[in-house]
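Here is a brisk report on one protein chain. Look at the fold first, then read on.

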Amino acid sequence: MARRLGLIVGANKYHDETFQPLQFAENDARALAQWLVNAKGGKWLPSDVQLVLGEHATRELVESLLVQMCVTLAEPGDLVLVYFAGHAYVDERNAEGYLALVNTHYQEPTTAIHLPSLAHSLLARSRA
């Protein structure tokens, strides 16, 4: 039977004050993760859902978990769900999109997750 793998990320507060604090991102992420593993909800295996909230939602950890889930764990026929509740932005210099993690610095795009790279390199390598 195919597995359903999920990475759920939520961040309300950021180290860089350019990103205004959010009220509900972490609550939204937590609620989705709870619904996915609930017997009356998605009925996913709790071991197949990773929830990363607040100060733990760093670029390094999220990228590592994405690689682990999409490239290492996922098999053909599996479903991979990536949910992000937080700030995203477009870099004015290159017009490309980024996910901002708690340790992202707005003026340093390498500290964020580059959306085109995520889509083209990481997700394309996934067997799911």
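## Aromatic pairs

A search of the whole structure finds five aromatic pairs. Rings of Phe, Tyr and Trp (its six-membered ring) pair if their centres lie within 6.5 Å; planes under 30 degrees apart count as stacked, over 60 as edge-to-face and the rest as tilted. Two of the pairs are set out here.

| Pair | Centre to centre | Between the planes | Class |
|---|---|---|---|
| Phenylalanine 19 and tyrosine 89 | 5.6 Å | 55° | tilted |
| Tyrosine 89 and tyrosine 106 | 4.9 Å | 45° | tilted |

This is a predicted model: local features need pLDDT of at least 70, side-chain atom pairs count only at pLDDT 80 or more, and totals for chains, interfaces and linings use all residues. Residues are numbered from 1 along each chain as its sequence is written, and side-chain values use heavy atoms, with hydrogens and water left out.

Phenylalanine 19 sits in the loop between strand 1 and helix 1 (25-37), and tyrosine 89 in strand 4, so their pair ties together parts 70 residues apart in sequence. Helices (H or I, at least four residues) and strands (E, at least two) are DSSP runs, numbered from the N terminus. Tyrosine 106 lies in the loop between strand 5 and strand 6, 17 residues from tyrosine 89. Ring pairs link Tyr14, Phe19, Tyr89, Tyr98 and Tyr106 into a cluster.

Is tyrosine 89 buried or exposed? Tyrosine 89 is buried, with a relative accessible area of 9%. Buried means under 20% relative accessible area, exposed over 50%, partly exposed in between (1.4 Å probe, protein chains only). Phenylalanine 19 is buried too.

Three strands form an open sheet in the order 4-5-6, with antiparallel pairing. Strand 4 (88-91) and strand 6 stand at the edges with a single partner strand each, so one side of each has no neighbour in the sheet. Strands 4 and 5 (residues 96-99) pair over four bridges; two strands pair if DSSP finds at least two bridges between them. Valine 90 has glycine 97 as its bridge partner in strand 5.

In helix 2, Arg59, Val62, Leu65, Leu66, Met69 and Cys70 are buried. They cover an arc of only 140° around the axis, which puts them on the same side of helix 2. The arc is that of the directions from the helix axis to the C-beta atoms.

Serine 126 is in the segment after helix 3. At 16% relative accessibility, serine 126 counts as buried. Its side chain reaches the backbone oxygen of cysteine 70 at 2.8 Å.

Key
Polar contact = N/O pair within 3.5 Å; in protein donor to acceptor, adjacent residues only side chain to side chain.
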